[in-house]
Amino acid sequence: IRYQKGLLSDYASVYEMVENVKSVGDDVLKNPALLRAFAAYTADLHKHGLMHRDYILNNILYAGDNGRYRFVLIDINRFVFRSKPLGLFLTCVNMMQPFHEEEQVRAFVREYERFRPMPKYFENLVVLFRKARTFYSHFKHSLKKIPGAKALRGKYTNQHK
């Protein structure tokens, strides 16, 4: 990627043709070996300072079987690259994204901790982050239903039409 005067001037894309892959989707919840491999893959990304900002199950593809899996990420335009491993905050933010149910999040975190040691309170912290984000999403959605709220948004957030 090359910029001139603050604007994108040139870029290159690299693609890899991968066959026989499918979305991690619900398979990860039904297959403990796949969940373990997915947690190891996620821990490895984080150890190398990599974070997909849209780390949902449909953006993660896999191939393989019998405990040997290869993962491929899609929709990587929102990737974060750090020169050191992700800290606790960014790890929590990333860990809460793939799963919707608390028990799913907890199972994923417990597997993750096998490959990347974290503080004792890490599992509860990830769940707390998830609950806070869910509350915020519902709250924001509810605010949109209030008559006149759209006009107020610009007034109090410096966002104008």
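**Group meeting talk: a walk through a predicted model**

Salt bridges that share partners join E102, E103, R106, R110, E123 and K131 into one network.

Residues are numbered from 1 along each chain as its sequence is written, and side-chain values use heavy atoms, with hydrogens and water left out.

As for confidence, pLDDT is the predictor's confidence in each residue, from 0 to 100; the mean for the protein chain is 86, and 86% of its residues reach 70 or more. Confidence is lowest in helix α6 (residues 149-157), at a mean of 62, and highest in α2, at 96. Where pLDDT is low, the predicted coordinates should not be read in detail.

Now the overall layout. The protein chain has six helices and seven strands, which are DSSP runs numbered from the N terminus, a helix being H or I with at least four residues and a strand being E with at least two. Reading from the N terminus, the elements run β-β-β-α-α-β-β-β-β-α-α-α-α. Of the 161 residues of the protein chain, 34% count as buried. Among contacts between residues at least 6 apart in sequence, 66% join residues at least 24 apart, with contact meaning heavy atoms within 4.5 Å.

Let me return to R106, which also forms a salt bridge with E102, the closest N and O atoms being 3.0 Å apart. R106 and E102 both lie in helix α4, four residues apart, about one turn of the helix. R106 counts as buried because its relative accessible area is 15%, whereas E102 counts as partly exposed because its relative accessibility is 33%. A search of the whole structure finds eight salt bridges, and another of them joins K22 to D27, with the closest N and O atoms 3.3 Å apart. K22, at 46% relative accessibility, counts as partly exposed, and D27, at 24%, counts as partly exposed too.

Next comes helix α2, which has 16 residues and reaches 22 Å from its first C-alpha to its last, close to the 22 Å expected at 1.5 Å a residue; the expected span is 1.5 Å times one less than the number of residues. At the start of α2, a side-chain oxygen of N31 reaches to within 3.0 Å of the backbone nitrogen of A33, and α2 is followed by G49, whose phi is positive, near 80 degrees. What do the buried residues of α2 pack against? They pack against α1 (27-30), β4 (50-52), β5 (60-65), β6, α3 (88-95) and α4. The buried residues of α2 include L34, F38 and H46. H46 counts as buried because its relative accessibility is 0%, and, leaving aside its neighbours within four places in sequence, H46 is in contact with P85, L86, T91, N94, M95, Y112 and R116.

The aromatic rings come next. Rings of Phe, Tyr and Trp (its six-membered ring) pair if their centres lie within 6.5 Å, and planes under 30 degrees apart count as stacked, over 60 as edge-to-face and the rest as tilted. By this rule the count comes to eleven aromatic pairs. One of them is the stacked pair of F38 and F108, 5.0 Å centre to centre with 15 degrees between the planes. This pair links distant parts of the chain, with F38 in helix α2 (residues 32-47) and F108 in helix α4 (residues 102-115), 70 residues apart. Both F38 and F108 are buried, and together with Y41, Y55, F71 and F99 they form one aromatic cluster.

Finally, a word on a loop: is N77 buried or exposed? N77, in the loop between β6 (68-73) and β7 (79-81), counts as exposed because its relative accessibility is 62%. N77 and R53 are 24 residues apart in sequence and 8.9 Å apart in space, C-alpha to C-alpha.

Technical notes
Buried means under 20% relative accessible area, exposed over 50%, partly exposed in between (1.4 Å probe, protein chains only). A salt bridge is a side-chain nitrogen of Lys or Arg within 4 Å of a carboxyl oxygen of Asp or Glu. A polar contact is a pair of N or O atoms within 3.5 Å; within protein, one must be able to donate a hydrogen and the other to accept it, and residues adjacent in sequence count only if both atoms are side-chain atoms.
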